[in-house]
Amino acid sequence: MRRKPAETARHLVALSRRSTLAIFRQPALVGPSLIFPLFFAALGSSAFSRAISLPGFPAVDSYLQFTLAGTVTQGVLFGSVTGAAALATDIQDGFFDRLLAAPTSRTSILFGRLAGSSLFGAMQALVFLLVLWPFGVTVQAGILGYISIVVAGFLTAFAVGALMSVVALKTGSAEAVQGTFPVLFILLFLSSAFFPRETMSGAYRRIADLNPISYMVEGQRSLSIDGLSLTALTQTLAIPTGIAILTTLLALRQLQSRLASR
Amino acid sequence: MNTQRTVGILAKRSIRNIRRLPSAFFPALAMPIFNMIVFAGTFFAVTKIPGFPTDRSINWYMPLGIMMGAAFGGVGLGFTAIRDIETGFYDRLRMTPTSRTSLVIGPLVGTLTRIVMMTTIVIVLGIALGARFTGGVLGVLCLYAAALGLSTIGAGWGLGLAFRFKDMRGAAIMQLSIFLVMFLSSAQVPLNVMSGWLHTVARFNPATNILRLSRVGLVNESSPDHLAWNSVWGGLLAIALISALTLGFAVRSLQKLSD
């Protein structure tokens, strides 16, 4: 059934609103992905305060300044699982079927869910920037740098949310989506989110060199520490955009196969 | 049925679950291995900070991986107890003519056996990745003692909470409390390297003493902590006192559950 763009947009807005409100109505889901990254940032600022003088570390005033980008990425990665888990719950409890029975745009079911977690990702980035600001953590790139990091939070949450939606649409199980959480944890740790790649060695360094999260974090870090540059902006925005395009295509394909199997 | 026999039966049941429920055991084994590898890899350069007691990051983070695995393995006993309470297995156990203490000690023995297995596997892997015991056999024994001690503390705490809450509400408290106690210590770097609020907290956190005990055989021979009694007794005392407290809490909570 072909729908008018305005009708599809109306469905998308309604479903986006629903998914956004659902996230903020569950503080038990929202809280940990805001609190834990800040806890680790506070922990790191005390534990690794002397590490910033090591060769390979950029010139920063504090470890907290260095770890800002890692904190944002960590929080957004962990928070973005929530939307996909909610999509799986919709499938489990039959809401997904009821949406299909109604004349609802199929793609808006997916993008409506992704909108909620993406807005939450942007909000997380903003919260981290605001909470760490009184501790002297600023973004040298100025207002454009702040906006870029918030937009990167949105894009990263969208990209990861789409990837997790593939699992949700394939399995229809919220547990399976939550079960992929360790993969994100591993990807984050095998990157330069917490320490510079220049301080790593051997196979670990090679993995961090291949991990796109390293470059995404380093772009944000460069905006925060060095200031505005085209390279930093490209790394901050183009990498999550590229991943988002790829994972969205995968999610749409998985949506098609779920619809075709019915 | 005498206490010794009940302890043996419940310990065997706990060990048999490794084969019956590998999905529960393998994450408990994967977590310490993962922690060891990612911490040693990410923070490879921290050993270059002046005053760091070892020049191998794996020597510092292998005990951390094991101790995290031991602590969470211990509180994992609480999860099993919650499941047993929910399925009614505990009700059947409490109807048997056996002492309440054996209902705590039996599963604890099973958990400690699992911790020995986990510790051995992580040590072998750690050595393959470059860890070296500068303290020889004594160093290895200190690491096992610390792991078993911390696991006992975790088990007592987990069981106590499980008997009090009787449902999964207790599980969140178990995990969060162990997580905080472990990270607010010298888990990531030694006391002399850290600064600020964490230094103050870690100094008074008994987990710091237990971690120090676990590392006495892995720090450089020139380090003041190397096989030093000063670095051992604090950990042993912390294990003895806190184990007594948490196991006492578990037995008391079980008695209340029976009332």
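How many residues of the lining of the second largest pocket are nonpolar, how many polar and how many charged?

Modeller: The model is predicted, so local features need pLDDT of at least 70 and side-chain atom pairs pLDDT 80 or more, whereas totals for chains, interfaces and linings use all residues. Residues are numbered from 1 along each chain as its sequence is written, chains are lettered from A and ligands numbered from 1 in the order in which they are written, and side-chain values use heavy atoms, without hydrogens or water.

The lining of the second largest pocket comprises seven nonpolar, five polar and three charged residues (Ala, Val, Leu, Ile, Met, Phe, Trp, Tyr, Cys and Pro count as nonpolar, Asp, Glu, Lys and Arg as charged, the others, Gly among them, as polar). This pocket (on a 1 Å grid over the protein atoms alone, an open set of points with protein on both sides within 12 Å along at least five of seven lines; lining residues have an atom within 4 Å of a point) has a volume of about 350 Å³ (the space filled by probe spheres set on the points, joined across faces, edges and corners). It is lined by 15 residues, of which B:Ala40, B:Gly41, B:Phe44, B:Ser57 and B:Leu129 are the closest to its centre. Two or more lining residues come from each of α10 (202–210) of chain A and α2 (22–42) and α3 of chain B (helices are DSSP runs of H or I, at least four residues, numbered from the N terminus).

Helix α3 of chain B, residues 57–87, also packs against α9(B), residues 206–215, at an angle of about 125°, with the axes 9 Å apart (axes are lines fitted to C-alpha atoms over the stretch in contact; angles run from 0 to 180 degrees between N-to-C directions). That angle makes α3(B) oblique to α9(B) (under 35 degrees is roughly parallel, over 145 roughly antiparallel, 65 to 115 roughly perpendicular, the rest oblique). From α3(B), B:Trp60, B:Pro63, B:Leu64 and B:Met67 meet B:Ile210, B:Leu211, B:Ser214 and B:Arg215 of α9(B) (contact means heavy atoms within 4.5 Å). Six nonpolar, one polar and one charged residues form this contact.

The helix α3(B) has another partner, α6(B), with an angle of about 25° and axes 7 Å apart. These two helices are therefore roughly parallel to each other. Their contact holds 20 nonpolar and five polar residues, with no charged ones.

Helix α6(B), residues 136–165, in turn packs with α5(B), residues 100–128, at about 140°, the axes lying 9 Å apart. The angle makes α5(B) oblique to α6(B). The residues that meet include B:Val104, B:Leu108 and B:Ile123 from α5(B), and B:Val140, B:Tyr144 and B:Phe163 from α6(B). By class, 14 nonpolar and five polar residues take part, and no charged ones.

One cavity of 30 Å³ or more is found in the whole structure (a cavity is a set of points where a 1.4 Å probe fits but cannot get out). The largest cavity holds about 40 Å³ of space. Its lining consists of A:Leu15, A:Arg18, A:Ser19, A:Asp90, A:Phe95, A:Leu99, A:Ile109, A:Gly112 and A:Arg113. At least two lining residues each come from α1 (5–24), α5 (95–101) and α6 (106–132) of chain A. Four of the lining residues are nonpolar, two polar and three charged.
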